[in-house]
Amino acid sequence: MNSIVHPIPAALPQARRSRQARVGWGTHVVTVGGDAPVRIQSMTNTDTVDAIGTAIQVKELALAGSELVRLTVNTPEAAAAVPYVREQLDRMGVNVPLIGDFHYNGHRLLTDFPACAQALSKYRINPGNVGKGNKRDKQFGQMIEAAMRWSKPVRIGVNWGSLDQDILVDLMDQNSRRSVPWEARQVMYEALVSSAIGSATLAESMGLDGSQILLSCKVSGVQDLISVYRELARRCDYALHLGLTEAGMGTKGTVASTAALAVLLQEGIGDTIRVSLTPQPGESRTQEVVVASEILQSLGMRSFVPSVTACPGCGRTTSSTFQDLAKQIDDFLRSQMPVWKGVYPGVEKLKVAVMGCIVNGPGESKHADIGISLPGTGEAPAAPVFIDGEKRLTLRGENIAQEFQAIVENYIENRFGTASPANSD
């Protein structure tokens, strides 16, 4: 009996069309939302008053792949320093847009320091921290007026750690009158979404173009974030910024952020992302950018650096040679990308395989653009190299690592060089 086999459909992220915002500095404009790629954002942890130190960290984040960088603007001194941060970046040729993070006194800082308002490319407003009672709308309005005056987009960023208590109390009162009350967590979700959308509606009523508004609803629980953003996306078409707030340190923060963001991105939800990692002692701030780019690249949504496939190792691979080589090649490719981006267009899509034995080594190497299968325990001391799916040569001896790296460099130059046939008109 013959059976009919239907092709398995490819798993692609669902499409969600949001409004498109433009965040720029000078002639450099980053489009967010619509059909633009999902953008990576990060945030400095320097004291913004230290303009030189802050500019240096912004440059590091931008070189790591951050397309938008947020600064703390919390005091008059910090607001006064922002134009100097921008000036230092311009001198260094770093045109990444800067976002001002405002809480409590943003209405005063944006009004009293027009040079700060102008130097920033976007403002982040937390509706839970703009004022209480009848001061709330007035002070919120002052920030929106600044955004309109200087033609800047705003992100209305709600956070469940600083939620507008008036909204929460009102929703709790409404909930108490329901015949079947919601759970407390559901009320919290509704408060987050209502605060974000209500604030955006208010901003539009004040004259701010809706395409200049981005929304976020930050929480620190994976399932909470997924639930809130699904509802937020269902009820509005503003561009959305994703991030698991206070994600934590090390593997905990990395795994939690990846679990939450990957689900939402696969559903087409999210236009910018930030991975809010607490740096390990001595760890670079750029690690959060690396994780964010790896999430997008792993989902097949964007490519940033050549990918290195390497096996985890087993009893067949008692030698650490393949581990050392995989790390060496990965570090080399990442270190070269700031230069290669302008010299070898398309190199970020390169796939390299460094495998440790004969079981999956040749097969994985054939699937990669260029791959090497190192000898496992008991295998002949030879390492076949596969290029574009075919075995081209075999390496032996003590200098396999150096020889393979040279082969990779040569392959990149021949395939992606601007003068190569593949890239010529």
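Q: How many salt bridges does the structure hold?
A: This is a predicted model, in which local features need pLDDT of at least 70, side-chain atom pairs count only at pLDDT 80 or more, and totals for chains, interfaces and linings use all residues. Residues are numbered from 1 along each chain as its sequence is written, and side-chain values use heavy atoms, with hydrogens and water left out. A salt bridge is a side-chain nitrogen of Lys or Arg within 4 Å of a carboxyl oxygen of Asp or Glu. Under that definition, the number of salt bridges in the structure is 22.

Q: Which residue forms a salt bridge with R19, and in which helix does this partner lie?
A: The closest N and O atoms of R19 and E204 are 3.5 Å apart in their salt bridge. The pair links distant parts of the chain, 185 residues apart, with R19 in the segment before strand 1 (21–25). Helices (H or I, at least four residues) and strands (E, at least two) are DSSP runs, numbered from the N terminus. The partner is E204, in helix 7 (residues 184–205).

Q: Are R19 and E204 buried, partly exposed or exposed?
A: Buried means under 20% relative accessible area, exposed over 50%, and partly exposed in between (1.4 Å probe, protein chains only). R19 has 26% relative accessibility, and E204 has 29%. Because of these values, R19 counts as partly exposed, and E204 also counts as partly exposed.

Q: Which residue pairs with R39 in a salt bridge?
A: R39 lies in strand 3, and its partner sits 28 residues away, in the loop between helix 1 (51–64) and strand 4. The closest N and O atoms are 3.0 Å apart, and the partner is E67.

Q: Which residue meets E288 in a salt bridge?
A: E288 lies in helix 10 (residues 287–298), while its partner is 14 residues apart, in the loop between strand 11 (272–273) and strand 12 (277–278). The N to O distance is 3.0 Å, and the partner is R274.

Q: How far apart in space are E403 and R274, C-alpha to C-alpha?
A: E403 lies in helix 13 (residues 400–416), and it is partly exposed, with a relative accessible area of 34%. In sequence, E403 and R274 are 129 residues apart. In space, C-alpha to C-alpha, they are 38 Å apart.

Q: How many of the residues of strand 16 are buried?
A: In a regular strand the side chains alternate between the two faces of the sheet. In strand 16 (residues 383–387), A383, V385 and I387 are buried on one side, and P384 and F386 are buried on the other. The number of buried residues is five of five.

Q: Which residue in the hairpin of strand 16 and strand 17 takes a positive phi?
A: Strand 16 runs antiparallel to strand 15 (residues 370–373), with three bridges, and I372 has V385 as its bridge partner. Five bridges join strand 16, also antiparallel, to strand 17 (residues 390–395), where T394 stands opposite P384. The hairpin has two residues between the strands, and the residue with a phi near 55° is D388.

Q: How many aromatic pairs does the structure hold, and which residue pairs with F102?
A: Rings of Phe, Tyr and Trp (its six-membered ring) pair if their centres lie within 6.5 Å; planes under 30 degrees apart count as stacked, over 60 as edge-to-face and the rest as tilted. The structure holds three such pairs. The F102 pair is edge-to-face, at 6.1 Å centre to centre with 90° between the planes, and the partner is Y123.

Q: The charged end of which residue sits over the ring of W182?
A: A charge sits over a ring if NZ of Lys or CZ of Arg is within 6 Å of the ring centre and within 35 degrees of the ring normal. R136 sits over the ring of F140 in this way, 5.8 Å from its centre. For W182 the distance is 3.8 Å, and the residue is R178.

Conventions:
Pairing = 2+ DSSP bridges.
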